[in-house]
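Hello,

Here is the structure we talked about. Please open it and keep it beside you as you read the notes below.

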Protein chains: 2
Amino acid sequence: MPSSLISARRLAPRPRTAVQTRVLTTALEMFADYGVSATSYQMIADALGVTKAAIYNKFKTKDELVLAVAEMELARLEDAVEEAEGQDNSETPARLLARVVEHAVEHRRAAHILQFDPVVVRLLSQHPPFQQFLDRLYAALVPGEHEPGARVQLAMLMSAIGGTVTHPLVAGLDDDTLRSELLDRTRQLLDSAKRAKGRPRARRP
Amino acid sequence: MPSSLISARRLAPRPRTAVQTRVLTTALEMFADYGVSATSYQMIADALGVTKAAIYNKFKTKDELVLAVAEMELARLEDAVEEAEGQDNSETPARLLARVVEHAVEHRRAAHILQFDPVVVRLLSQHPPFQQFLDRLYAALVPGEHEPGARVQLAMLMSAIGGTVTHPLVAGLDDDTLRSELLDRTRQLLDSAKRAKGRPRARRP
DNA sequence: GTCTATAGAATGATAGAC
DNA sequence: GTCTATCATTCTATAGAC
């Protein structure tokens, strides 16, 4: 597997000014609070203490703003994926999983929005670079062909990580506890496939 | 545990006319497609071939409409929870889990919205009957006190179920395959707690 | 119950002064 | 780069005729 070719496709590496980053961070907070669709330029501008025209000067449309937020957060995972593609031994998936979980716990709200906000999901599904990045992430997490069982496994992993970190039940848990527990149980999910691969599932009903 | 007392609190049992149900079903479809916040009365009315005033006659506010949709879908799980509360033996959680998974697979889009749409989540969190119902569901799935480990486990279970059924990776899977795979792996998640309970997690860092 | 019509507010987005 | 001001559109919600 020529990792140099794969690594070549980077996720939009365009740099941001400090002011732009402040807008993106504030927008992310409000997206998490109200959902993307219910968050207006006016609300973000008020939170920043500027007018919405000032924000339009930096992000010409709402889609562009949302994509920039998504890009900023997904980019944090890119190093982890590239590292995984560079190694490619039997412990690679577990190490990548740990980094994904860590990222999700540290950026709980962002992880949730990226996975579940209807607007973000629709936008990302329409942008090939994001889809390609997700494909790389999936391939590094669960190598090999993706038969139905592996697809369910991957979908469960991603949903469990993105959904758990903002679930009301864990709102009171500190990051260390949450990361430790979440990592333990997602590891089980990741390992279960290898065991189930050879033998036809035989469970007494 | 006096199950008769618990069963007494029912989730808003108010009946709906056929026309109301048609509105709720259409609304649910559009909520799934665009998100609740981005779905307007106008859009629902157009999809139904009526005017929005006709819908306002049945649901006086958008919040009321959203709550009615959520209520309609959550009510489908109520029988399963009551049955679980009535039995209360060691196999009860697994049986309840099976019914939750079945429901989620059969109503993929509804399950996803109930768990993740920002508007729905906010509304449900403000309505005690829904929270009480969720508490009952959680208690029946994982009996006993809910220390951090159990909370993460429950959050993962619910997130994995609600998130997986609409995940792009499983969009092509038929209901039977998805249910079977999802049930297998959620059972592992449910069982893992019992094993982890006695021993203090000792993993080499 | 459903329609037409509309009120009043907010939205995304732009023009032009400073 | 940020402001004021505005446009066209859409939104939730209501009034009143049929």
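How far does helix α10 of chain B reach from its first C-alpha to its last? Helix α10(B) covers residues 148–164, 17 residues in total, and reaches 23 Å. That is close to the 24 Å expected at 1.5 Å a residue. Keep in mind that this is a predicted model.

Is α10(B) mostly covered or mostly open? Mostly covered: 15 of its 17 residues are buried.

Of the atoms of DNA strand C that come within 4 Å of the protein, 54% belong to sugar and phosphate.

- T51(B): a polar backbone atom lies 2.7 Å from a phosphate oxygen of DNA strand C.
- Y41(A): a polar backbone atom is 3.2 Å from a phosphate oxygen of DNA strand C.
- K52(A): a polar side-chain atom sits 3.0 Å from a base nitrogen of DNA strand C.

Which elements give two or more residues to the surface near DNA strand C? In chain A they are α3 (41–48) and α4 (52–56). In chain B it is α4 (52–56). The largest share comes from α4(A), with 3 residues.

Last, the make-up of that surface near DNA strand C. The residues there divide into 6 nonpolar, 6 polar and 4 charged.

Best wishes

Notes. Residues are numbered from 1 along each chain as its sequence is written. Chains are lettered from A and ligands numbered from 1 in the order in which they are written. This is a predicted model: local features need pLDDT of at least 70, side-chain atom pairs count only at pLDDT 80 or more; totals for chains, interfaces and linings use all residues. Side-chain values use heavy atoms; hydrogens and water are left out. Helices (H or I, at least four residues) and strands (E, at least two) are DSSP runs, numbered from the N terminus. The expected span of a helix is 1.5 Å times one less than its number of residues. Buried means under 20% relative accessible area, exposed over 50%, partly exposed in between (1.4 Å probe, protein chains only). A residue is near a molecule or strand if one of its heavy atoms lies within 4 Å of it. A polar contact is a pair of N or O atoms within 3.5 Å; within protein, one must be able to donate a hydrogen and the other to accept it, and residues adjacent in sequence count only if both atoms are side-chain atoms. Ala, Val, Leu, Ile, Met, Phe, Trp, Tyr, Cys and Pro count as nonpolar, Asp, Glu, Lys and Arg as charged, and the others, Gly among them, as polar.
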